[in-house]
Amino acid sequence: MVRVPRARKAAVAVAAVALAAGALVSCGADSPGEGIASAPHAGDAACKRFAAGYPDRLGGQKLTFTDRPGVAVWGENAIVLRCGVELPEPTIDPCATVDGVDWVFREDRSEDGGKVVVTYGRDPAVEVAVTEEITAVDDVLVGLSGLVEPVKPYTKCVGMDDVPAPAPSG
C-alpha cells in the first residue's frame with residue numbers, strides 16, 4: 001500500500017474541485033441543456049424511443065442537446081422537451097388537439113411570454129417549454145405530435161362541447 005501525505009491529498013482534492021468548477025463556468029448558464037433535469041419517469045421505454053426520433057429542426061431551431069435521458073433542447077434553450085413528467089391531472093387549462101395528440105397549455109407555469117404545454121392522456125407525459133422567441137407554438141406541436149402519437153391515449157381532453165346540456169327542469 002502506498003501512503004500519500006494528507007497535504008498532497010488535500011491539494012489534489014482542491015485541484016479536482018477547481019477543475020470541475022472551471023468546467024461548469026466554461027459551459028455558461030446559457031448553454032443548451034444547462035440546469036435542465038430529467039423528469040422522474042425519463043427512463044420509460046417510450047421516452048427512449050422518442051429520443052431516436054427527435055427532429056433535427058423544430059420551430060426554426062436546430063437540435064442542440066440530448067445528453068440527458070428524456071431531455072431534448074432546440075436552439076439556446078428556445079424549446080425544451082422533457083419526457084416522463086408526472087401525468088397531468090384533469091384541468092380547466094386550455095387544451096388543443098394537434099394531429100391526434102392532446103396538449104394542455106399549463107398557464108400556471110407559462111411566463112415571460114413563453115409557453116409550457118404537456119401531453120394529456122398519454123403515459124409517459126411529455127412537457128415542452130417554448131420561449132417567447134418562438135412565435136409559432138403550433139408549429140412546434142405539429143413537429144412533436146408525430147413523435148408521441150404512437151403512445152396509446154388512455155383519456156382525452158374534454159371541452160364544453162363534449163358536456164351534454166342539462167335537461168330542462170319542470
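Modeller: Start with Cys47 and Cys83, which form a disulfide with their sulfur atoms 2.0 Å apart. This is a predicted model, so read every value as computed. The pair ties together distant parts of the chain. Cys47 sits in helix α2, Cys83 in strand β4, and 36 residues separate them. The torsion about their S-S bond is about -80°, so this disulfide is left-handed. Both Cys47 and Cys83 are buried.

Now the helix that carries Cys47. Helix α2 spans residues 45–52, and its buried residues are Ala46, Cys47 and Phe50. Viewed down the axis of α2, these buried residues fall within an arc of 100°, so they line one face of the helix. The general rule behind such a pattern is simple. An α-helix has 3.6 residues a turn, so residues three or four places apart point the same way. The other side of α2 has Lys48, Arg49 and Ala52, which are exposed.

What lies over the buried residues? The cover of α2 includes strand β4 (79–85), strand β8 (125–130) and helix α3 (137–148).

Look next at the start of α2. There, a side-chain oxygen of Asp44 reaches to within 2.8 Å of the backbone nitrogen of Ala46. Ala46 is also one of the buried residues of the helix.

To place the Cys47 pair in context, turn to the rest of the cysteine bonding. The structure holds two disulfides. The other joins Cys95 and Cys157, with sulfur atoms 1.8 Å apart. This pair also links distant parts of the chain: Cys95 lies in strand β5 (residues 95–98), Cys157 in the segment after α3, 62 residues apart. The torsion about the S-S bond of Cys95 and Cys157 is about 75°, so that disulfide is right-handed. The Cys47–Cys83 bond, by its torsion of about -80°, is left-handed.

Burial needs a word too. Cys157 is buried, with a relative accessible area of 16%. Cys95 counts as partly exposed, at 32% relative accessibility. Cys47 and Cys83 are both buried.

Finally, the order of pairing. With the bonded cysteines of the protein chain numbered in sequence order, the pattern is 1-2, 3-4.

How values were computed:
Residues are numbered from 1 along each chain as its sequence is written. This is a predicted model: local features need pLDDT of at least 70, side-chain atom pairs count only at pLDDT 80 or more; totals for chains, interfaces and linings use all residues. Side-chain values use heavy atoms; hydrogens and water are left out. Buried means under 20% relative accessible area, exposed over 50%, partly exposed in between (1.4 Å probe, protein chains only). Helices (H or I, at least four residues) and strands (E, at least two) are DSSP runs, numbered from the N terminus. The arc is that of the directions from the helix axis to the C-beta atoms. Contact means heavy atoms within 4.5 Å. A polar contact is a pair of N or O atoms within 3.5 Å; within protein, one must be able to donate a hydrogen and the other to accept it, and residues adjacent in sequence count only if both atoms are side-chain atoms. A disulfide is a pair of cysteine sulfur atoms within 2.5 Å.
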